[in-house]
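My notes follow the structure itself, as numbered points you can check one at a time.

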Amino acid sequence: MVFKWQKPSDDAEIARRIPPGQVLTEKFPVLHFGRVPDYPDLAGWDFRAFGDVEQPFTLNWGEFRQLPTTTVTLDIHCVTRWSKLDTTWEGVPFTHVAEVARPSPDARFVIFHAEGGFTSNVPLETAMDPQCLLASSYDGRPLEPDHGYPLRAIVPGRYFWKSAKWLRGVEFSREDKPGFWERNGYSNSADYWREERYAD
Ligand SMILES: Nc1nc2c(c(=O)[nH]1)N[C@H]1C(S)=C(S)[C@@H](COP(=O)(O)O)O[C@H]1N2
Ligand SMILES: [Mo]
C-alpha cells in the first residue's frame with residue numbers, strides 16, 4: 001500500500017478552489033444537448049465575427065488557424081456539480097477577435113454561436129478576460145469530437161455551459177440575448193462563486 005502524503009496546505013489550497021456545492025472529478029465528463037456534429041473534413045467550416053462591430057469578418061479553417069494562439073490553464077465547473085481543476089486549453093484569445101472586429105461603442109454583450117443553433121451569452125467584459133479563448137486544443141491535442149472539435153469557447157469564471165462547443169461564430173450585441181441553457185431555466189450570469197445556477 002502506498003500512501004501519498006499531501007501537505008495540509010495543499011488540501012486547503014484545493015478546497016479554496018472548489019466553489020460551493022461542487023465535487024471534484026479527475027475524469028472529463030461530456031455534457032451537452034443534442035448530437036455531436038460530424039466533420040468528415042473542415043472544407044465547409046467557417047467562423048464569423050458579426051453584429052455590432054465595425055469590421056465583421058468570416059474565416060475558413062485554414063485562415064482561422066493563422067490567428068495568434070495562447071495557452072491557458074483554469075478550473076472548470078459544471079452546473080451538474082462536477083469540477084475539474086487545472087484544465088489546459090490552447091486557442092485564440094477572444095480579445096484578439098475583438099481587436100480585429102472592433103465592437104462598436106454600444107456593444108455590451110457577446111453571443112457565442114455553435115453548430116445547430118446552440119448559443120450562450122456573456123457580457124462583453126466577461127469575454128474580454130484574457131483567459132477567454134476560442135480553443136482548438138485540450139491538454140496538447142486537438143479537441144475530441146465530444147468536447148467540441150474543432151473549436152469551442154472557454155469562458156473563465158462562469159459555469160461551463162457558457163463554454164459553447166462546436167463554435168462557429170461570435171456575435172457582438174448592444175442587447176443581451178439569452179442562450180440555450182439560459183432560456184431553459186439556468187442563470188443568465190452563471191457565476192459559480194456566487195452559485196448562480198438557476199434563473200429565479
Ligand atoms: N454546443 C453546445 N455546447 C455546450 C453545451 C451544449 O449543449 N451544446 N453544453 C454545455 C455544458 S452544460 C457543459 S457542462 C459543457 C461540457 O463540456 P464537455 O462536454 O467538454 O465537458 O459544454 C457546454 N457547451
Ligand atoms: Mo453543464
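1. A definition before the ligand: a polar contact is a pair of N or O atoms within 3.5 Å; within protein, one must be able to donate a hydrogen and the other to accept it, and residues adjacent in sequence count only if both atoms are side-chain atoms. Ligand 1 has a nitrogen atom 3.1 Å from a backbone N or O atom of Ser163. The protein covers 99% of the 530 Å² of accessible area that ligand 1 has on its own (Shrake-Rupley method, 1.4 Å probe).

2. Please keep in mind that this is a predicted model, in which local features need pLDDT of at least 70 and side-chain atom pairs count only at pLDDT 80 or more, while totals for chains, interfaces and linings use all residues. Residues are numbered from 1 along each chain as its sequence is written, chains are lettered from A and ligands numbered from 1 in the order in which they are written, and side-chain values use heavy atoms, with hydrogens and water left out.

3. Oxygen atoms of ligand 1 also deserve a look. One lies 2.7 Å from a side-chain N or O atom of Arg152, and a backbone N or O atom of Leu31 is 2.9 Å from an oxygen atom of the ligand.

4. Which residues come nearest to ligand 1? They are Pro29, Phe33, His147, Arg152 and Lys165, out of 20 around it (a heavy atom within 4 Å). This shell divides into 14 nonpolar, three polar and three charged residues (Ala, Val, Leu, Ile, Met, Phe, Trp, Tyr, Cys and Pro count as nonpolar, Asp, Glu, Lys and Arg as charged, the others, Gly among them, as polar).

5. Now the backbone. Most residues other than glycine have a negative phi, and most peptide bonds are trans. The bond from Tyr149 to Pro150 is cis, with omega near 5°. Pro150 belongs to the loop between strands E9 (141–142) and E10 (152–154) (strands, at least two residues, and helices, at least four, are DSSP runs numbered from the N terminus).

6. Arg81, in the loop between strands E4 (70–77) and E5 (82–93), has a positive phi near 95°. Arg81 is partly exposed, at 35% relative accessible area (buried is under 20%, exposed over 50%, partly exposed in between; 1.4 Å probe, protein chains only). Glu195, after strand E11 (167–173), has phi near 50°.

7. In helix H3 (residues 94–101), Phe94, His96, Val97, Ala98 and Ala101 are buried.
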